[in-house]
Amino acid sequence: MAKRLLTAFYGGTFDPIHNGHLQPVIALAKLVNLKRVIILPNKIPLHRKQPQATPNQRLMMTRLAIADTQCELFIIDERELHSPKPSLTVETFKSIRREYGPIAPIGLIIGQDSLLTLPQWHRSQELLELCHIIVCTRPCYQHYSSSYLWIENRLTNDPTAMCYQPAGLVYCAATPALAISASEIRWRLHAILPCCDLLTPSVQGYILEQGLYR
């Protein structure tokens, strides 16, 4: 199969979006030669607490964060925000695959923590038939261990391999492991502690303006 451009999607609640979301993905784009990363904010996450910020507030914070990066890497896909149903990754990627066609290389960016739980995701094996999995490093997680043996026959050390087939590979990237979490940021904002090094300036300003996470 001919080499084609890999398009990567990055889903999350983004409550709020922060530098721990953005900086590793910017580094990943350089490693994998991504020209475009499409951010997919969730509306109703299925297996976690519901977001404190509204879908519109999280969408606005995502837009502001992208603008603050001053790079043309990111765009936003709002399809999950407009869905009345809980966000199921496999259903989202079935929709994406219909739009992009059967041969376009498509990737899903996740963290090592999510990779560990991926077998428990709804129809996870079907997901691997729809896209590649691109894994970013997370603090306190081994880069590869016996916990990941279920994907051993899908692992690749060559990111360009994902450009030659539409789906099915797992690539673990050596991205910066930033110890930043949205839960810590919400706690710090509730405690009226500074978050200047954790959030982009416009996102921090918007949170203060909206009185979020108090």
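Mentor: Quick ground rule first: buried means under 20% relative accessible area, exposed over 50%, and partly exposed in between, with a 1.4 Å probe and protein chains only. This is a predicted model, where local features need pLDDT of at least 70, side-chain atom pairs count only at pLDDT 80 or more, and totals for chains, interfaces and linings use all residues. Residues are numbered from 1 along each chain as its sequence is written, and side-chain values use heavy atoms, leaving out hydrogens and water.

Trainee: Why does Phe-9 count as buried?

Mentor: Its relative accessibility is 1%, and the cut-off is under 20%. Phe-93 is buried too, also at 1%.

Trainee: Why is the pair of Phe-9 and Phe-93 called edge-to-face?

Mentor: Rings of Phe, Tyr and Trp (its six-membered ring) pair if their centres lie within 6.5 Å; planes under 30 degrees apart are stacked, over 60 edge-to-face, the rest tilted. Here the centres are 5.7 Å apart and the planes at 75°, so edge-to-face it is. Phe-9 also pairs edge-to-face with Tyr-100, at 5.9 Å centre to centre and 80° between the planes.

Trainee: What makes Phe-9, Phe-93 and Tyr-100 a cluster?

Mentor: Ring pairs link them.

Trainee: How do you know that the buried residues of helix 7 are on the same side?

Mentor: Val-203, Gln-204, Tyr-206 and Ile-207 are the buried ones. The face turned away carries the exposed Pro-201 and Glu-209.

Methods: Helices (H or I, at least four residues) and strands (E, at least two) are DSSP runs, numbered from the N terminus.
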